[in-house]
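Me: I'd like to learn how to read a few features of a protein model. Could you walk me through them?

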Amino acid sequence: MRLATTIALSIMAVPAQAHGFGGSGWLHPLTGPDHMLAMIAVGAWSAQMGGRALWTVPSAFLLSMAAGGALGFAGLNLPGTEIGIALSVLLLGTVVLFAWSAGWPVAAIATLIFGFSHGMAHGVEIHTHDNPLLYELGFLTTTAGLHVVGLVGGLLLLESSRGAMFLRGLGACTVVAGIYFAASGL
Amino acid sequence: MLLGAHQLARQRRVGVYLAWWAVLYAAADGCFELLRGGSGSFGPARLLAGVLAVALVVVAALTAQRLLAKRAATIAMPPPMSPRRRLLWAVLFAAIGVIYGATLLSQGGPVPVIVIIGSMIGGMIGWLKTTSRAPADPAHALPLFALMLALFYVHVGEETLTNFSGMIATITGVDWNNHDFMQLITLSGPIVWFFAAWSLWMRQPLGNFVFWFLIVGMILGEPTHILVFPVIAMAKFGIGYEYFSGMYTSLFPMIPAILALVMIIRDHRQSKVAGPA
């Protein structure tokens, strides 16, 4: 149900808003707390699931983000991108909070949708930059870095005695942030 | 503050007095910020200010509790880290380095990236070779860490007064505005240093890595104010060797950094001789 809601809202969309990132692809994921939280949560969720999810889920996010970015650059401007991003934060926080072991195919498909929303938000800004390829490479590199931070940080937390509970607490904080972003975007 | 901490470490009355002063000041400042922030519109900046105000009150309360208990806390040596855990920490630090490098590249151009990310790589090698196996003794490491930061912020003061970001922008061609520079050095930086100090006290890998990063940065990174930046300016503008922002105080933090390096290497050698616990 949550997945269906996300798909529906991601498709209905409004143009994405910039986050004061100075036109740099590298900085775009970092200066938007919604992007940053979702990307770290993708890594943390992968760590909770383990196995193939460790690389398939972040890779799915990156691939769809690249596709979303390219389509955004090509002029496709779907409405509801911002609310889709807010919901991705909310839902990714929720799955981390409940440590939902969805299985890697389901998780990868879910993150494909989330990644597309984030890619679109980045892609519509490419026109403001001199070198679109460098811009896209920039935000993908930073996104991959944030995935690794979430993933490795999650694995390290899960190895400590109360780490699993702490990670779920971080998921709860992400849910609160997601609600705030969604409320701001509505 | 440093003198107060030194006196407190020696359990002298003036140190205890200064500690209570700091506790009451922090608690009052945090409460004042919370009361002041209670009105007006809510936004991310206000949220951050609120979190920092609450943090000030909490830290003040914890410090007061420690002062009333009149005893120093001790942290036991953790068990040796497994190779897998060491690798995971190294990957985490590398990922943070990539993200931080990307931020710096966008804001300040390639020169700060070479200096700061170079220091991070050097720090990671140092950490992997030494304190990842046996964490630094906080009783010796923390005073040097604090002194390094105090002298570093004297240096940042000189940079701020003499338009460092503007001067870097002239030699790299990348516009690094003063607002972004201040945000990075005087807001993001202290948050990291605070958690690193706590982590160093807890003998955790994060604190030990940041300690190493600062040591390498202060020894190899800061001399760029004397040896690299003015030389780039000479080559670019055809001028003589002239003052570059931050030049006069750039070597100050190098002194505790060298002492810290000597301490780490000495402790590492001793632990190797003693063998695994």
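This is a predicted model: local features need pLDDT of at least 70, side-chain atom pairs count only at pLDDT 80 or more; totals for chains, interfaces and linings use all residues.

Me: Start with the helix. What does helix α4 of chain A reach from its first C-alpha to its last?

Reply: The idea is to set the span against the expected one. With 21 residues (53–73), α4 of chain A reaches 29 Å, close to the 30 Å expected at 1.5 Å a residue.

Me: Which residues of α4(A) are buried?

Reply: Here you look at relative accessible area, with buried meaning under 20%. The buried set in α4(A) includes A:Ala53, A:Pro58, A:Phe61 and A:Met65, along with the glycines A:Gly68, A:Gly69 and A:Gly72. As for partners, the buried residues of α4(A) pack against α3 (33–49), α6 (104–123) and α7 (132–159) of chain A.

Me: What happens just after α4(A)?

Reply: Check the backbone phi there: A:Gly75 has a positive one, about 110 degrees.

Me: Where does UniProt place "transmembrane region" in chain A?

Reply: The unreviewed UniProt entry gives residues 55–78, 90–117, 137–158 and 165–183. Residues 55–78 of chain A are 79% helix and 0% strand, with end C-alpha atoms 28 Å apart. For residues 165–183 of chain A, it's 100% helix, 0% strand and 27 Å between the end C-alpha atoms.

Me: Now one residue: why does B:Thr224 count as buried?

Reply: Because its relative accessibility is 10%, and the cut-off is under 20%. B:Thr224 sits in helix α10 (residues 224–227) of chain B. Leaving out residues up to four places away in sequence, B:Thr224 touches B:Val115, B:Phe229 and B:Pro230.

Terms used. Residues are numbered from 1 along each chain as its sequence is written. Chains are lettered from A and ligands numbered from 1 in the order in which they are written. Side-chain values use heavy atoms; hydrogens and water are left out. Helices (H or I, at least four residues) and strands (E, at least two) are DSSP runs, numbered from the N terminus. The expected span of a helix is 1.5 Å times one less than its number of residues. Buried means under 20% relative accessible area, exposed over 50%, partly exposed in between (1.4 Å probe, protein chains only). Contact means heavy atoms within 4.5 Å. UniProt positions are given in the numbering used here, feature names are shortened, and annotations may be inferred rather than shown by experiment.
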